[in-house]
Amino acid sequence: MSLRLSTVILPVDRWHEGGRAKWQRAEELGFHAAYTYDHLSWRTFRDGPWFGALPTLTAAATATDRLRLGTLVTSPNFRHPVTLAKELISLDDISGGRVTLGIGAGGNGFDATALGQESWTPKERADRFGEFVPLLDRLLTEGAVSQKGDFYTAEEARNIPGCVQRPRLPFVVAATGPHGLRLAARYGQAWVTTGDPKLYEEGTPEQSVEALRGQVEKLGKACAESGRDVAELDKILLTGFTPDRGRPLESVDAFVDFAGRHQELGFTEIVIHWPIAGSDFAADHAVFERIVTESLKQLG
């Protein structure tokens, strides 16, 4: 399968002051998809502008025609499956069936306590995620759903007419542990990873490649246990969180080398951040655009 190149556009610009232009330019450049983070605020951007993911994607859907749109990723931290399903069905309709849902268990960031709750333990996050994904799957594929769980309940929740994409819009499941990988194997149309976070500060690119190789192998085992061919799942690498950091965006050659090494591991889609000056995602925009338009020709 040919490698796909996608981007993440962080929701930091007012729509009429540069926001719309980025999404439209992403389509013009030929990206496969443009994603955004689904957070209430995030890391160093906490005290600056940060807009909602689903309204941003809805606006992007009306400003583009071909570009796939999605979240990387949505989590249960401040979402409920019933309300999320209704919004996703609406967004899928507005976009003409161009929406992909990236979904993960969430973490201990600002989202975890913004609604006044205590931050969940890793086990509780995993347990919630294990209930959230199957219920969301039902809500997006069935016209009426009732289910009472330990964490989430739906009572005659109606979702007619359902998604434009059938049987539902695709899930991209973020996972590295056994529980999440089982969910990816059962419910995912794709799997996404950022690599091994323990290697970000002190690790090497070579160690990162080996860690990612191990993750891909574990995904294969989870799929085998679920009776599914791992080749059915796209494998997505969200860049910027490996020891390589921003080096792959320094030149076309640097990116081709980086992407090629990860394509050999089985990754089918590489996601790069739209440059933001003065941040961890700063990059030369002219080089960024050359990477988008030139690198895939070399990678095949």
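A polar atom in the side chain of Glu-27 lies 2.9 Å from the backbone nitrogen of Asp-65. That is a polar contact (N or O atoms within 3.5 Å; within protein, one must be able to donate a hydrogen and the other to accept it, and residues adjacent in sequence count only if both atoms are side-chain atoms). This is a predicted model, where local features need pLDDT of at least 70, side-chain atom pairs count only at pLDDT 80 or more, and totals for chains, interfaces and linings use all residues. Residues are numbered from 1 along each chain as its sequence is written, and side-chain values use heavy atoms, with hydrogens and water left out.

Glu-27 sits in helix 1; helices here are DSSP runs of H or I, at least four residues, and strands are runs of E, at least two, numbered from the N terminus. Glu-27 is buried, because its relative accessible area is 12%, and buried means under 20% (1.4 Å probe, protein chains only). Leaving aside residues up to four places away in sequence, Glu-27 touches Thr-64, Asp-65, Arg-66, Leu-67 and Arg-98, where contact means heavy atoms within 4.5 Å.

Now to helix 8, which spans residues 285-299.

| Side chain | Backbone nitrogen | Distance |
|---|---|---|
| Glu-27 | Asp-65 | 2.9 Å |
| Asp-284 (oxygen) | Ala-286 | within 2.9 Å |

The Asp-284 contact is at the start of helix 8, while Gly-300, with a positive phi near 75°, follows the helix.

Definitions and conventions:
Expected span 1.5 Å × (residues − 1). Buried < 20%, exposed > 50% of the residue type's maximum accessible area, 1.4 Å probe, protein only.
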